[in-house]
Amino acid sequence: MLIITIKQGKEKGLLAGDPWIYASAVEKVDGKPQERNKPGATAIVQSSSRQFLARAAYNAKSQIVARVWTLREDEPVDHAMMKRRVQAAVERRAQALRGADPLALVQLVDGEKDGLPGLLVHSYGGPTGYLVCQFNAGAVDLWKVAVVQALLKVTECPNVYERCDALVRKGEGLPVFARALAGVEPPQRLMVKDGNRVVPMDIRTGFIYPR
């Protein structure tokens, strides 16, 4: 496992709850080259005095070199964590999902707020509709299989589509593509509620068609 040592004094933001670590705060990174070059590899973050601070996802190719998973030394970063966090995120929004207009895009996962750095998930059309996911950081991209498995189980929605923000993914050193991860791909054109209006939209990209 990688070990990220933080410069003296730079741990204050981390301890205050900042989930991002920038290169300017890092003294050194120890570990095997193949792990250092893998976007999203799990790392232990320690202070300059070698005290444990966090477990984080390391990405040398990103401006944000590490994204915090947990401040608990006894909490491993594994499939079980991803599934717990996806389930908790969806359950927090269950009431909003049940009461939502079937034409609305409802957010189910909101990245760092849900302890899933870089992951955005929206639901369209209820349990028989579509889930649209954006894996905008190496942190969650590395755990894509576990995330999708958890989404399928907790929402019972059979269709999961990966939306791609090319600029963001390139900035993370991640491959650029969009595809169905489970079930079928959404149609190119759907009617979506946007505020008080209903507009034709490609939910795979967020593009709104002109009327």
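**A walk through the strands, cores and cysteines**

Within strand β6, Arg67 is the bridge partner of Ala57. The model is a predicted one, in which local features need pLDDT of at least 70 and side-chain atom pairs count only at pLDDT 80 or more, while totals for chains, interfaces and linings use all residues. Residues are numbered from 1 along each chain as its sequence is written, and side-chain values use heavy atoms, with hydrogens and water left out.

Helices (H or I, at least four residues) and strands (E, at least two) are taken as DSSP runs and numbered from the N terminus, and two strands are said to pair if DSSP finds at least two bridges between them. Strands of a sheet pair through backbone hydrogen bonds, either parallel or antiparallel. Strands β5 and β6 run antiparallel and are joined by four bridges, forming a hairpin with five residues between them. Strand β2 (residues 20-22) also pairs with β6 in the antiparallel sense, over three bridges, and here Tyr22 stands opposite Ile64 of β6. Seven of the seven residues of β6 (residues 64-70) are buried, so this strand is largely enclosed by the rest of the structure; buried means under 20% relative accessible area, exposed over 50%, and partly exposed in between, with a 1.4 Å probe and protein chains only.

Strands β9 (residues 130-135) and β10 (residues 160-162) pair in the parallel sense over three bridges, with Leu131 opposite Val160 in β10.

A nonpolar core is a set of buried Ala, Val, Leu, Ile, Met, Phe, Trp, Tyr and Cys residues joined through side-chain atoms within 4.5 Å. The largest such core has 28 residues, of which Trp69, Met82, Leu116, Leu119, Val121 and Leu151 touch the most other members. At least two residues of this core come from each of α3 (79-92), β7, β8, β9, α5 (138-141) and α6. Leaving aside neighbours within four places in sequence, Leu116 is in contact (heavy atoms within 4.5 Å) with Trp69, Met82, Arg85, Val86, Val109, Gly111 and Val140.

Two loop residues have a positive phi although neither is a glycine. Arg50, with a phi of about 70°, is found in the loop between β4 (41-46) and β5 (52-58), and its relative accessibility of 44% makes it partly exposed. Glu156, with a phi of about 60°, lies in the loop between α6 and β10 and is exposed, its relative accessible area being 63%.

Finally, a disulfide is a pair of cysteine sulfur atoms within 2.5 Å, and by this rule the count comes to zero. For Cys133, the nearest cysteine sulfur is that of Cys157, 9.4 Å away, which is too far for a bond. Cys133 counts as buried at 0% relative accessibility, and Cys157 is buried with a relative accessible area of 1%.
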